[in-house]
Every structure is written in structure tokens, then in C-alpha cells.
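Reader: I would like to learn how to read a fold from its helices, strands and cores. Please give the general idea each time, and then the case at hand.

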Amino acid sequence: MKKAEELKLYAPEPKRPELDAALCMSVAEGQGMGRYIEGKVLTVAVWDKKEKPLVVWRFFGDYWTGELRGNENPTKGELSPRQIEVKPCQCLTWRTEVPATKGESELLQNYFDDCRPGYLIGIVEDALSAHARKKREERNARQAAETKKLFENLPEPPEDLSKQVLKVCSDAGFLWVTNDKQSVIEPGGVEKKVSIQRVRCDSCGGEYTLSELLKHKSTATCECCGEKMQVRNTRYSVKRLWAARTFLWSKPQGDEVWIRRYLVYFDFSNRRAELEFHGRGIWWTDGKTIKQWKRSWSERGIYYVPAPEVIRNAAGPLWPVSAVHVGIPY
């Protein structure tokens, strides 16, 4: 005899309670004495105005089977209160106050050690997912232990990561020019004021002075790093200037490689590129297996959980994945 057959054998048959209600619940307890079912078992049924119950669940701890009226072989998904319709477009979980007798309510609450008053369907729904929830918690615990062990070797990004990002993302930065005056001595000892521009490059951080003035929003080549960049005059507003890019940073460790993904915000409120890093994902590979953790958030704080994504053809210590949310300069 199979386990499901034993449970049906020892679980009491459902009987409609003496309640004058369009929808009600009956609960009965039995004692299993078989090979698989040995201990207390519980039968829970939901009744409408028809002779046969709408649905019957039989429980032995977190193991259960069920029957659904009008469906000879229902799946476990179809036996969920969220899927059982008591009226068109109205599922069973919407009827939170399905009545039962006081004794049967206490029997249900004591069996599952859940004493929520007036929410018997919620108790049943949690009981139906108890086995899957237990397996999920065990899996999460194993993954957390594995992650903790692997993260002991997780490399931290270098202190000059901001400089690396600015160097490979010169198109997100600017050549900042400030108009100024400089005194020069002409032949004959005459002092004269001439216009100059003091230039600072976001890409390399280089600073120099120009006598030929650059035009605001034009394109010029930095004399320090040779990158072509857009010119921004510091006398104009920067309130609407911003950019956001996604970057990957990799670190080999023997035969293993760690890859970290960052979302980097470029802030220009102080008329220079100031970066703000936000971790978004971590990958580890030994050439055969790839494991990924995505960034998550809860009341406990920010943490990383396993995720089924894969990064392929990753090469180089730092490279942009995509240029997204690029602010339009004004």
C-alpha cells in the first residue's frame, strides 16, 4: 500500500457540520497505524450547499493529499485555496472567515500549532506549503553556508577603482574650463591682462592652462591623456548633469576568477565627476562552474543571494557592460 493510500485509509471521512452557512469547514482527527502513516492524521473539508464537499485535504504532519470535486486527478497547485473558486472569479482565500464549530476550529489550530482566530483557511494554506517551505529553508541554509565559505576569499576592489572607471569612461566625463585673467608683461614693461582658461580633465585628473579659449559644449582633446571630451564651462549650471554606468571588475586567484558588477553614478554637482558605487552582483568561476549572487535587500540590511545568471566571454580587469541612463548635458 502506498503512502497516499494509507493516509486515506486512516484519515476520517469528512462529515458536513451542523452549521447554517453557505460555506463552512469540517475538521476530524484520526490515528494512523500503518507502515508510512503512524501518528495523528487530520481531515479538513470545505463544504458549500452541495452534498459532496468542495475540497478535502488529508494531513499527516507536513505530508498531505487532497480531493477536488469535479476533478479526479487534481495537481497540488489546483488544490491550493488560491486556485479553488467558490464563485466565478472569487477564490477560496478571499473568504477568510469560513466558519467551523468551536471544537473543530480548536482541533485544526492545535494540530498545526497555529492559533490565528477567524482565519482557518490561512492555517490550511500554510499547512499545504509547509513541506515546500521546509525544503526551501534547508536549501537556503546550505546556500548561505556555501556562500559564507566562498566569500572568505572574495577580493575587495582596489583603492584606485574610481580612477580606473574614469579612465575607461571618458565619454561620461567632461573637460571643465574656468575663465580667468592673467597678467603678462609686454615689450617696454607694460603690464597687460589677457584671458585664459584653466582646464581640468575628469578622465585623468590632469590640469593645465590654455590661452586659446575653448567654447562651451564643444569637443576638445585633453592635453594630458589625449581623450576627446566635451567641454563644460564652470560658469554654467550643472543641475541636470548626471550619468549612470554598469561596470564589471575581475580578479583572478589561481585557477579561479571573481567578477563583481557595480552600478556607478556620476555626479557633477561640484563641477567634477564624483562617483558613487553600488554593488549589483558577484560571480565566481573555476573554468568549469559558474556561480552568481545578486544583491538583495531586507530589514536586516543588504546581502547577496544565489541567482541563476551567467556572464560569458568576460575578459580584462575592468570593462563597461553597457552605457545606460546617460544624462544629457545642458
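Reader: Which elements cover the buried residues of H2?

Author: This is a predicted model. An α-helix has 3.6 residues a turn, so residues three or four places apart point the same way. In this model, the cover over the buried residues of H2 includes E1, E2, E3 and H3.

Reader: Which residues of H2 are buried?

Author: They are Glu104, Ser105, Leu108, Gln109, Tyr111 and Phe112. Viewed down the axis of H2, the buried residues fall within an arc of 165 degrees, so they line one face of the helix. Lys102 and Asn110 are exposed and sit on the face turned away from the buried side. Just after H2 comes aspartate 113, with a positive phi of about 50 degrees.

Reader: How should I read a nonpolar core, and which residues touch the most other members of the largest one?

Author: In soluble globular proteins, nonpolar side chains tend to be buried together. The largest nonpolar core here has 26 residues, and Met25, Val44, Trp57, Phe59 and Leu108 touch the most other members. Two or more residues each are given to this core by strand E1 (24–33), strand E2 (38–47), strand E3 (55–60), strand E4 (63–68), helix H2 (102–112) and helix H3 (120–128). H3 gives the largest share, six residues.

Reader: Which residues does valine 44 touch, leaving out those up to four places away in sequence?

Author: Valine 44 touches Met25, Ser26, Val27, Val55, Val56, Trp57, Phe59, Leu108 and Val124. There is also a second, separate core of 17 residues, which includes Val165, Cys169, Phe247 and Phe268.

Reader: In which sense do E1 and E2 pair, parallel or antiparallel?

Author: Strands of a sheet pair through backbone hydrogen bonds, either parallel or antiparallel. E1 and E2 pair in the antiparallel sense, over 10 bridges. The two form a hairpin with four residues between them. Within the pair, cysteine 24 stands opposite tryptophan 47 in E2.

Reader: In what order do the five strands of the open sheet run?

Author: The order is E9-E8-E7-E11-E10, with mixed pairing. Strand E9 (207–210) and strand E10 (219–221) each have a single partner strand and stand at the edges, so one side of each is left without a neighbour in the sheet. On average, neighbouring strands of this sheet are turned by 45 degrees against each other, direction ignored. E10 pairs with strand E11 (residues 228–233) in the antiparallel sense over three bridges. There, alanine 220 stands opposite methionine 229 in E11.

Reader: How many helices and strands does the protein have?

Author: It has five helices and 17 strands. Of its 330 residues, 38% are buried. The accessible surface comes to about 20300 Å², and 49% of that belongs to carbon and sulfur atoms.

Terms used: Residues numbered from 1 in each chain as written. Predicted model: local features only at pLDDT ≥ 70, side-chain atom pairs only at ≥ 80, totals over all residues. Heavy atoms only, no water. Pairing = 2+ DSSP bridges. Axes fitted to C-alpha atoms, helices over the stretch in contact; angles between N-to-C directions. Core = buried A, V, L, I, M, F, W, Y, C linked by side-chain atoms within 4.5 Å. Buried < 20%, exposed > 50% of the residue type's maximum accessible area, 1.4 Å probe, protein only. Contact = heavy atoms within 4.5 Å. Arc of directions from axis to C-beta. Areas by Shrake-Rupley, 256 points an atom, 1.4 Å probe, with all protein chains shown as cover.
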